[in-house]
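Take a moment with the sequence and the model before reading on. This report starts from one residue and then widens out.

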Amino acid sequence: MKGLKKIFKNIENYCIIDLCEGMCFIMKKVLTGLQPTGVITLGNYIGAIKQMVDMQGKYDSFLFIADMHAITVPQDSIELSKNIRSLIALYIACGIDPEKHTIFLQSENIYHANISWMLECNTYYGEVSRMTQFKDKSKKNANFSVGLLTYPVLMAADILIYDIDYVPVGVDQKQHVELARDIAIRFNKKYGDIFNVPDALITKSGTKIMDLQDPLHKMSKSSDNQKGVIRLLDDEKTIRKKIMSATTDSEMSIVFDPENKPGISNLINIYSSLSGLSLAEIENKFKESNYGTFKKEVADLVVGELSIIQKKYYEILNSDLLDKVLDDGRNKTLAIAKEKYELMKNKIGIHR
């Protein structure tokens, strides 16, 4: 057709499509799944969520709560339901903009499980049984569910339904994206061009925040000593107590030296991440201060940041925003997934 010319050229995160009379930009699609654990730490916020906020708008982003993945291991039903709403509200309160993400619940889209079954029937046992996370988790519990074995295929369905270009993952999750790629390529060869083949986008984690009591280890919600872990919904008194009792050293010099001064270096990292000051600027600002003074400043900064997040969180949780966001996400993704489902059914031959 004369005048209808498509020129695809990669420029950062999107393609340019020249349609003769005009030009439009098609953003690359990314998908992120969140496990509804109900706990987000200060380390999660600084190391991951703040980076997501900074990146939003650069991709056509699908963000979903992986509640179906969560039940591959035993869950308390009341806690799980509570955690689902809490997690979404907390992410939005942290700056995730619903206008820049399609946010939805995995379980509210019936096509994820249906498409997963069709993919399972084109996936080999050997592929899923050698997944690292399955081997690790199945060793801890001999009575593991079949879902624990097959959930990587559901993960592939999550990705392939929306023709995702990139899946942001850590190195430990890259294997799951590789499986999704293998399944997509196999399905395309067998039934025609149905799926886009995704790529793993290895995320560069932000500043790593360490445990306040054991600064040689990363801050973790599962830490044995919760005094070293700040949760985003901790109250002010708890936050201040944890920071003021943070492990440091016998010196009084506020210098960034992770090897020799891991405790104070961790606090400097927290201060830098929340204030925007460089490490050198912080060292200069507090060169005449003692640890007590610096810890108080860190506590003030953390309390100030988290109080804003907490205020937004409770406002969102007690409003109709959460349901509106999830309703919009469900309606959009159902339409996309239904189209993909029908295409797959027709290609496979399971139709009247």
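Where does aspartate 163 lie? Aspartate 163 lies in the loop between H7 and S7.

## Basis of the model

This is a predicted model, in which local features need pLDDT of at least 70 and side-chain atom pairs count only at pLDDT 80 or more, while totals for chains, interfaces and linings use all residues. Residues are numbered from 1 along each chain as its sequence is written, and side-chain values use heavy atoms, with hydrogens and water left out.

The mean pLDDT of the protein is 90 (pLDDT is the predictor's confidence in each residue, from 0 to 100). Of its residues, 92% reach 70 or more. Over residues 1-22, however, the pLDDT is below 50. That stretch still has 39 contacts in the model beyond near neighbours in sequence (a contact means heavy atoms within 4.5 Å). Where pLDDT is low, the predicted coordinates should not be read in detail.

## Overall build

The protein has 13 helices and 8 strands. These are DSSP runs, numbered from the N terminus: helices are H or I with at least four residues, strands are E with at least two. The C-alpha trace spans about 75 × 60 × 40 Å along its principal axes.

The protein has 352 residues, and 43% of them count as buried. Buried means under 20% relative accessible area, exposed means over 50%, and partly exposed is in between (1.4 Å probe, protein chains only). Among contacts between residues at least 6 apart in sequence, 71% join residues at least 24 apart. The accessible surface comes to about 18800 Å² (Shrake-Rupley method, 1.4 Å probe). Carbon and sulfur atoms account for 53% of that surface.

## Charges

How many positive and negative side chains does the protein have? There are 46 positive and 45 negative ones. Lys and Arg count as positive, Asp and Glu as negative; His and the chain ends are not counted. The centres of the two sets lie 4 Å apart, with each charge placed at NZ of Lys, CZ of Arg, CG of Asp or CD of Glu.

Side chains of opposite charge can pair when their charged atoms come close. The structure holds 13 salt bridges. In a salt bridge, a side-chain nitrogen of Lys or Arg is within 4 Å of a carboxyl oxygen of Asp or Glu.

## Two bridges to helix H13

Arginine 85 forms a salt bridge with aspartate 323, and their closest N and O atoms are 3.1 Å apart. Arginine 85 sits in helix H3 (residues 77-93) and aspartate 323 in helix H13 (residues 321-348), so the pair ties together parts that are 238 residues apart in sequence. Arginine 85 is partly exposed, at 30% relative accessibility. Aspartate 323 is partly exposed too, at 35%.

Lysine 340 and aspartate 163 also meet in a salt bridge, at 3.0 Å from N to O. Why does this pair tie together parts that are 177 residues apart in sequence? Because lysine 340 is in helix H13, while aspartate 163 is in the loop between helix H7 (146-160) and strand S7 (166-169). Lysine 340 is buried at 8% relative accessibility, whereas aspartate 163 is partly exposed at 26%. Aspartate 163 has a positive phi of about 50°, although it is not a glycine.

## A charged network

Arginine 240 and glutamate 236 form a salt bridge, with the closest N and O atoms 2.9 Å apart. They are 4 residues apart in helix H9 (residues 236-244), which means about one helical turn separates them. Arginine 240 is partly exposed at 25%, and glutamate 236 is partly exposed at 44%. Salt bridges that share partners join Glu236, Arg240, Lys296 and Asp300 into one network.

Is aspartate 158 buried or exposed? Aspartate 158 is buried, at 0% relative accessibility. Its place is in helix H7. Beyond neighbours within four places in sequence, aspartate 158 contacts Leu31, Phe64, His69, Gln106 and His112.

Serine 272 belongs to helix H10 (residues 262-275) and is buried at 17%. Leaving out residues up to four places away, serine 272 touches Leu277, Ser278, Leu279 and Ile282.

Proline 74 lies in the loop between helix H2 (67-70) and H3. Proline 74 is exposed, at 77% relative accessibility. Proline 74 and phenylalanine 144 are 70 residues apart in sequence, and their C-alpha atoms are 9.6 Å apart in space.
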